[in-house]
Amino acid sequence: MSSIQTKTTSSVWEKVRRHFGSVVKPSQLHAEWQPWEKHLFRFFFLFLSLLILPIDLKIYRDFFAIDWAHLHFHDLFRLSRYQNQFIPAENLPQWGIGQFANWTIALVLALGGAVVWGRLDTNQKEYTVLYYWLRVMVRYRLAFVLITYGFIKVFPLQMPYPSLSNLFTNYGDFFAWKIYFQTVGIAPKYQSFLGFVEILAAFLLFNRRTTTFGVGLIFGFIGNVAVVNGLYDVGEQVLSNFIVLLAAFLLANDVPRLYRLLIQEGPTYANKIIPDFSDKVLRNLRFGLRGAFLLFVFLFAYKTFENYTTDPYKIPHTPGLSNAFGYYRVKEFILNNKTIPYSKTDPNRWQDVIFEKWSTLTIKSNQPVKIDFTSAEAVHEKDIDRNYELAGHAGRHYFYYEADTINHTLYLQNKNRNHRSEKLFLTYQRPNPNTLVLAGINEKQDSIRVVLEKINKKYMLFEGRRKPVKI
C-alpha cells in the first residue's frame with residue numbers, strides 16, 4: 001500500500017514539474033541555497049500567498065453579487081484592491097496600527113507554516129522554480145491594483161476639483177488628508193500624469209524583462225504615496241503598504257545585480273531564470289493570464305471613462321438651482337419674526353450661504369458640526385449619500401436639496417450622517433438677479449426669513465490676474 005501511494009504521489013509531482021518547470025542555464029540551475037535563504041523563502045512564500053491568493057470567501061460573494069449587465073467601474077475597483085480578511089474590515093479601526101491586524105495573523109501563520117515546511121522538506125536544496133512562480137503571482141497582483149488606481153487618476157476621479165464651499169472653508173478646519181486631496185485636485189492634468197505613471201509601472205510589471213523598471217517607478221511614486229497615507233491619515237495605509245511590500249519583494253531579486261552594476265561598476269548578468277513555455281498547459285496558462293489582464297485593463301478603462309464623462313462618483317449628479325451658483329452674503333436674517341444682526345458667535349444666525357453647481361447648499365454658522373470621519377472612497381448612488389465634499393473637515397453645514405421650480409420651494413436635508421435629521425422647508429423668491437429670499441421652517445421648527453445677496457467675487461484660482469492659473 002505504501003509503495004502504491006509513493007508511486008501515485010511521485011506521478012503527481014512529475015506532472016507538476018513537467019507543466020511548471022523552468023529551463024535555466026545548467027551552470028546556475030540547481031545551485032544549492034544557503035539555509036537562511038531557504039528559511040526566508042518559505043516564510044515569504046506562505047506570507048505573500050496568504051495576502052494574495054483569494055482564500056477569503058467574501059471575495060467570491062462580492063464577485064457573484066456584481067450586476068454584470070450594469071457593471072460599474074467601482075465593482076472592478078473594489079475587487080482589485082481586496083485583501084483577505086481574517087478579521088472583518090468593519091471590526092478594524094480606520095486609522096492606526098490596528099489596521100494591520102490581518103497582516104499580523106498572516107505573519108503568525110506563515111511563521112508557523114515555514115517551520116513545519118522546513119521540518120518536512122529537509123532534502124530540498126533550492127526553490128528556484130517555485131521562486132519564479134511566486135514572482136509571477138506578485139507581479140500580476142501588483143499590476144492589477146496599479147491599473148485601477150492609475151485610471152481613476154488619469155480620469156481625475158479620485159481627487160476632484162475643490163468645490164466652492166471648500167474654497168470658503170478655513171484652512172485649519174480641514175483634516176490633513178483633505179488638504180492633500182484638494183492640493184492634488186486643483187491640478188487635474190498633474191493628477192492625470194500621476195495616473196499615467198501608475199499605469200506605465202503596471203505594464204512594465206506585465207513583462208518579466210521590464211519588471212525592474214516597473215519596480216523602480218513604484219518605489220519612486222507609490223513609496224511617496226505610502227508616506228502620504230501615513231502622515232496625512234488618508235485611511236489607505238494597509239493597501240499602500242501592501243503595494244510597497246510586493247514591490248520590495250520583487251526588487252530584492254535585483255538588489256545584488258544593481259549593487260554590482262552601480263556601486264562596484266562590475267559585470268552584471270541578466271536574470272538567471274529563462275522559462276520554457278513549450279509545454280501546452282504552461283503556454284495556455286500564460287496566454288490566459290495575459291488575456292485576462294488585458295481584458296481587465298480595457299474593461300476598467302472604459303467603465304472609468306464612462307463614469308468620468310457621465311457621473312463622477314464623488315460629485316452629486318443632480319444639477320443645482322438654475323443661475324444660483326455662487327457665494328451669498330446673508331444680508332438679513334429673521335428668526336421667529338425677530339431680526340438677528342450679523343454675528344460670528346450666534347449659533348442660529350447664518351453668516352453666508354453657497355449654492356454649488358450641483359444640488360448642494362452650504363451654510364456657515366456658529367452651530368457645531370460633527371465631522372464625518374470617513375475617507376469618502378465609497379460609491380453612493382444617491383446624491384445625499386455622496387459625502388466627499390463634506391468629509392474630513394468642519395466649518396460649514398452641507399445640505400442636499402430638491403427644488404420645485406414651479407412652486408418655488410426647496411426641500412433641504414443635511415448630508416452629514418451625524419446631522420441627517422436636520423431638514424428645512426423653504427420657499428424662494430428672486431427680486432433681482434443678485435438676490436435670493438428664503439423663507440420657511442428650519443430644522444428646529446422655527447420660522448426663518450433670509451435675504452441673500454450674491455457677491456460677484458473673482459477667484460484667483462479660477463481666473464488668475466490675467467488668465468486662469470495653471471499648476
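**Exercise 1. Helix 8 and its cover**

Task: Determine whether helix 8 (residues 176-185) is largely enclosed or largely open, and why.

Solution: Begin with the terms, where helices are DSSP runs of H or I with at least four residues, strands are DSSP runs of E with at least two, and both are numbered from the N terminus. A residue is buried under 20% relative accessible area, exposed over 50% and partly exposed in between, with a 1.4 Å probe and protein chains only. In helix 8, 8 of the 10 residues are buried, so this helix is largely enclosed by the rest of the structure. The buried residues are W177, K178, I179, Y180, F181, Q182, V184 and G185. Their cover includes helix 7 (164-167), helix 9 (188-206) and helix 10 (211-231).

The model is predicted, so local features need pLDDT of at least 70 and side-chain atom pairs count only at pLDDT 80 or more, while totals for chains, interfaces and linings use all residues. Residues are numbered from 1 along each chain as its sequence is written, and side-chain values use heavy atoms, with hydrogens and water left out.

**Exercise 2. A nonpolar patch on the surface**

Task: Identify which helix gives the largest share of the nonpolar surface patch, and decide whether F64 is buried or exposed.

Solution: A patch is made of residues with over 30% relative accessible area and no salt bridge, with like charges joined within 9 Å and nonpolar side chains (Val, Leu, Ile, Met, Phe, Trp, Tyr) within 5 Å. A salt bridge is a side-chain nitrogen of Lys or Arg within 4 Å of a carboxyl oxygen of Asp or Glu. The patch here is formed by L57, Y60, F63, F64, W68 and L299, which together have about 640 Å² of accessible area, computed by the Shrake-Rupley method with a 1.4 Å probe. Helix 3 (residues 57-65) provides the largest share, 4 residues. F64 lies in helix 3, and at 67% relative accessibility F64 counts as exposed.

**Exercise 3. Strand 10 and its partners**

Task: Work out how strand 10 (residues 435-441) pairs with strand 9 and strand 11.

Solution: Two strands pair if DSSP finds at least two bridges between them. Strand 9 (residues 423-432) runs antiparallel to strand 10 and is joined to it by 6 bridges, with Y428 partnered by L438, and a hairpin of 2 residues links the two strands. Strand 10 also pairs with strand 11 (residues 447-455) in the antiparallel sense over 7 bridges, and here A439 has R449 as its bridge partner. The hairpin between strand 10 and strand 11 has 5 residues between them, and Q445 in that turn has a positive phi of about 65°, although Q445 is not a glycine. With a relative accessible area of 60%, Q445 is exposed, whereas strand 10 is mostly covered, as 5 of its 7 residues are buried.

Technical notes: Contact means heavy atoms within 4.5 Å.
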